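I opened my notebook to record what I looked up in one protein model.

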Amino acid sequence: MHRSWPSLLCVLVLASCATPPDSETKPLGANVLSKDAIHAARHGPVDFVAHVKPVLEAKCVMCHNRQALPGHLSLESRKEALRTKALGTYIVPGHPETSLLVANVKTVHQRVSVMPAVGERLTADEYAIINKWVKEGAAWPAGRAGTLKIIR
């Protein structure tokens with residue numbers, strides 16, 4: 001019996017490393033927005049409530065909030081998202097090229113297999129919309145319209 005423990009342990013370790021195709025961490029997710037909303041955002045101004053908020057709520061704010069990551073990027077509100085932290089400024093209105101939010105979604109989240117830790121990654125359409133939104137000035141309303149719900 002003692003001779004089979006190493007083999008059993010090896011099998012269990014390998015099985016725990018396997019990621020099924022429908023796991024919570026997928027290479028790319030499905031678009032949160034409808035085809036019509038994506039078309040409207042690509043060909044007109046990006047509206048935070050209609051185009052950006054649904055993506056951030058579905059794919060980002062579950063981890064990027066004050067409770068989950070104290071002292072790090074919180075997307076719960078405009079005030080939180082525009083803060084400058086040790087690594088820099090997360091959203092620089094008008095400048096997606098210097099906004100860590102845009103840069104990290106494009107580079108880190110596409111290369112690190114565990115990001116996001118839960119849920120689906122942004123699609124190319126969603127990334128393009130967030131990039132365009134920041135380029136257009138990252139308009140983010142105050143009050144309830146600009147407050148993201150943490151969906152768990």
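Here are my entries.

**Ground rules**

I am working with a predicted model, where local features need pLDDT of at least 70, side-chain atom pairs count only at pLDDT 80 or more, and totals for chains, interfaces and linings use all residues. Residues are numbered from 1 along each chain as its sequence is written, and side-chain values use heavy atoms, with hydrogens and water left out.

**Entry 1: the whole protein**

I looked up the secondary structure and found seven helices and two strands. Helices (H or I, at least four residues) and strands (E, at least two) are DSSP runs, numbered from the N terminus. Along the sequence the pattern reads α-α-α-α-β-β-α-α-α.

Next I looked up burial. Buried means under 20% relative accessible area, exposed over 50%, and partly exposed in between (1.4 Å probe, protein chains only). Of the 152 residues, 34% are buried.

I then looked up the surface, using the Shrake-Rupley method with a 1.4 Å probe. The protein exposes about 9,400 Å², and carbon and sulfur atoms supply 62% of that area.

Last came contacts, meaning heavy atoms within 4.5 Å. Among contacts with a separation of 6 or more, 62% join residues 24 or more positions apart.

**Entry 2: helix α2**

Which residues of α2 are buried? I found A37, I38 and A41, in a helix that spans residues 35-43. They sit on the same side of α2 because they cover an arc of only 100° around the axis. The arc is taken from the directions from the helix axis to the C-beta atoms.

I checked the face turned away from that buried side. It carries the exposed residues K35, D36 and H43. Then I asked what covers the buried residues of α2. The cover includes α3 and α7 (124-135).

**Entry 3: E57**

I found E57 in helix α3, which covers residues 48-59. E57 is buried, yet it has no salt bridge. A salt bridge needs a side-chain nitrogen of Lys or Arg within 4 Å of a carboxyl oxygen of Asp or Glu. Lys and Arg count as positive, Asp and Glu as negative, and His and the chain ends are not counted. The nearest side chain of opposite charge is K53, 4.3 Å away.

What does the side chain of E57 reach? It reaches the backbone nitrogen of K149 at 2.8 Å. I also listed the contacts of E57, leaving aside neighbours within four places in sequence: T147, L148, K149 and I151.

**Entry 4: salt bridges**

How many salt bridges are in the whole structure? The search finds five. I noted some of them.

E76 and R66 meet in one, at 3.1 Å from N to O. Both residues lie in the loop between α3 and α4 (78-81), so the pair ties together parts that are 10 residues apart in sequence. E76 is buried, at 13% relative accessible area. R66 is partly exposed, at 49%.

R83 pairs with E80, and their closest N and O atoms are 3.4 Å apart. Is E80 buried or exposed? E80 is buried, with a relative accessible area of 12%. R83 is partly exposed, at 33%.

K132 and E136 form another salt bridge, at 3.8 Å from N to O. K132 counts as partly exposed at 22% relative accessibility. E136 is partly exposed as well, at 40%.

Terms used:
A polar contact is a pair of N or O atoms within 3.5 Å; within protein, one must be able to donate a hydrogen and the other to accept it, and residues adjacent in sequence count only if both atoms are side-chain atoms.
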